Amino acid sequence: MSPTTTPKLRTRKPTGIIPWPKVLVEGEEKAGKSFEAARFTGCEKTGQAYWLELGEDSADEYVNVPGADYVIIEHNGTYRDILGQLEAVHAEAKRAAAAKEPPVVLVIDSVSLLWRMLVNWTQERGRRSNSGQNKLKFDPDAEIKPGMNLWNDAVERWNRVMYLVRTMPAIVLLLARGKEVTAVDGNGDPIPKTKTWRVEGHKHLAFDATVWVRLLRGDDRAYVIGARSLHFQVPREGKPKPVAGFSIEHLVFDLLGCTPHTQPHQAPELAGDLTQPWLRKVEKTAQKDGVEGLKKLWPRVGAAKDLSRDEINVIRAAIQQAAAELQNPRKMDDPIADPTGEAAKLRAAAAAQQEQPSERDPFDDDPNWVSGA
């Protein structure tokens with residue numbers, strides 16, 4: 001588009017449709033979080049239910065809960081495989097919504113242990129970094145504080161999961177651990193005789209939920225902490241709203257006002273530029289189809305009319321980097337501290353491409369395009 005061209009305004013009338021909720025169900029141990037989730041999976045107003053078990057071991061048994069009806073998502077425990085399975089559920093939910101079928105249900109049990117996995121990953125990376133190794137060399141018990149760049153990587157991974165959750169045209173139940181803990185001040189010191197409630201997970205977890213529910217052991221009521229809804233109002237003075245005879249089905253279809261025919265509008269993905277979805281496509285292609293798949297992807301990038309020249313350079317640099325690593329796998333004794341830093345590798349590849357720009361398509365006549373020979 002020419003710099004002097006004024007974009008055409010695009011608008012639409014709001015539909016008034018209530019979107020399928022993302023329900024955060026947190027609370028004390030043995031308070032019935034998984035039980036309530038299992039009971040909801042057999043709701044006659046919903047479609048196929050999927051149970052993603054992360055660090056828990058109740059999914060097989062809880063199918064015996066009266067009314068429960070779900071299938072368990074299998075994964076190998078790694079972030080990459082978990083993310084891939086969530087992407088598969090996301091695609092199935094979109095298909096079901098487009099076909100006007102009852103909504104898909106996804107249970108994640110639990111997001112607390114997903115965040116703990118990312119925290120442990122960050123701490124491990126900090127320990128094996130150059131500065132961490134130097135400290136541990138002199139004191140094996142030294143405290144290692146991971147750098148902000150490592151925490152940013154963990155948050156980025158968390159955000160990729162939450163993006164799939166937020167944009168999924170499905171009912172998603174996010175189960176989390178919650179408990180009362182001693183309050184601390186701004187310096188991290190305990191405040192005497194002061195308690196507060198803590199939900200285990202990333203600090204923005206509640207922002208990603210449509211409605212936030214707390215279950216307490218020995219209490220037959222549920223407490224709604226907050227809800228983004230015009231049908232169900234929760235007082236804003238900080239007091240949770242008790243709900244007697246609680247069930248997730250009652251919450252979704254009665255209190256929040258959803259209907260089996262709700263078809264929420266699909267919002268587009270927010271991105272700083274158009275490279276992000278393409279970079280994910282490069283990563284998936286490399287994993288699934290290897291170098292041959294990357295070669296087929298190369299001309300598609302150049303033919304994409306919505307990409308700028310700079311964006312094409314970044315994506316093609318990522319393709320070259322991915323292909324080079326497939327042809328020359330990193331050895332186990334590689335001194336690079338973080339062999340899983342995909343974002344860092346892509347940034348480095350993009351920087352190298354911009355330093356030596358080229359309009360030539362290496363697939364045209366250069367069989368050594370990967371190495372840049």
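Student: Let's start with Lys30: buried or exposed?

Tutor: Lys30 is exposed, because its relative accessible area is 73%. Exposed means over 50% relative accessible area, buried under 20%, and partly exposed in between, with a 1.4 Å probe and protein chains only. Bear in mind that this is a predicted model: local features need pLDDT of at least 70, side-chain atom pairs count only at pLDDT 80 or more, and totals for chains, interfaces and linings use all residues. Residues are numbered from 1 along each chain as its sequence is written, and side-chain values use heavy atoms, leaving out hydrogens and water.

Student: Okay. Where does Lys30 lie, and what is its phi?

Tutor: Lys30 lies in the loop between β1 and α1. Its phi is near 60°, a positive value in a residue other than glycine. Helices (H or I, at least four residues) and strands (E, at least two) are DSSP runs, numbered from the N terminus.

Student: What about Lys193, where is that found?

Tutor: Lys193 is in strand β6, residues 190-199. Its phi is also positive, near 55°, and at 90% relative accessibility Lys193 counts as exposed.

Student: Zooming out, how many helices and strands are there?

Tutor: The protein has 10 helices and 9 strands. Of its 373 residues, 41% count as buried. Taking contacts (heavy atoms within 4.5 Å) with a separation of 6 or more, 65% are between residues 24 or more positions apart.

Student: Which residues does Leu251 touch?

Tutor: Not counting residues up to four places away in sequence, Leu251 touches Val23, Val211, Val213, Phe246 and Leu256. The C-alpha atoms of Leu251 and Val213 are separated by 9.8 Å, and the two are 38 residues apart along the chain. Leu251 is in helix α6, residues 248-255, and counts as buried because its relative accessibility is 0%.

Student: And what covers the buried residues of α6?

Tutor: The cover includes β1 (22-27), α1 (33-40), β5, β7 (211-215) and β9 (241-243). The buried residues themselves are Ile248, Leu251, Val252, Phe253 and Leu255. After α6 comes Gly257, with a positive phi near 85°.

Student: Switching to α3, what span should that helix have?

Tutor: At 1.5 Å a residue, the 18 residues of α3 (111-128) should span 26 Å, and the end C-alpha atoms are 26 Å apart, so that agrees. The expected span is 1.5 Å times one less than the number of residues.

Student: Which peptide bond is cis?

Tutor: The one joining Asp109 and Ser110, with omega about 5°. Ser110 is in the loop between β4 and α3.

Student: How do α3 and α4 cross?

Tutor: Their axes come within 4 Å and cross at roughly 70°. Axes are lines fitted to C-alpha atoms, for helices over the stretch in contact, with angles from 0 to 180 degrees between N-to-C directions. The two helices are therefore roughly perpendicular; that label covers 65 to 115 degrees, with under 35 roughly parallel, over 145 roughly antiparallel and the rest oblique.

Student: Which residues meet there?

Tutor: Gly126, Arg127 and Arg128 in α3 meet Asn130, Gly132, Gln133 and Leu136 in α4.

Student: Last one: at what angle do α7 and α8 cross?

Tutor: The axes of α7 (275-303) and α8 (309-327) cross at roughly 35° and come within 9 Å.
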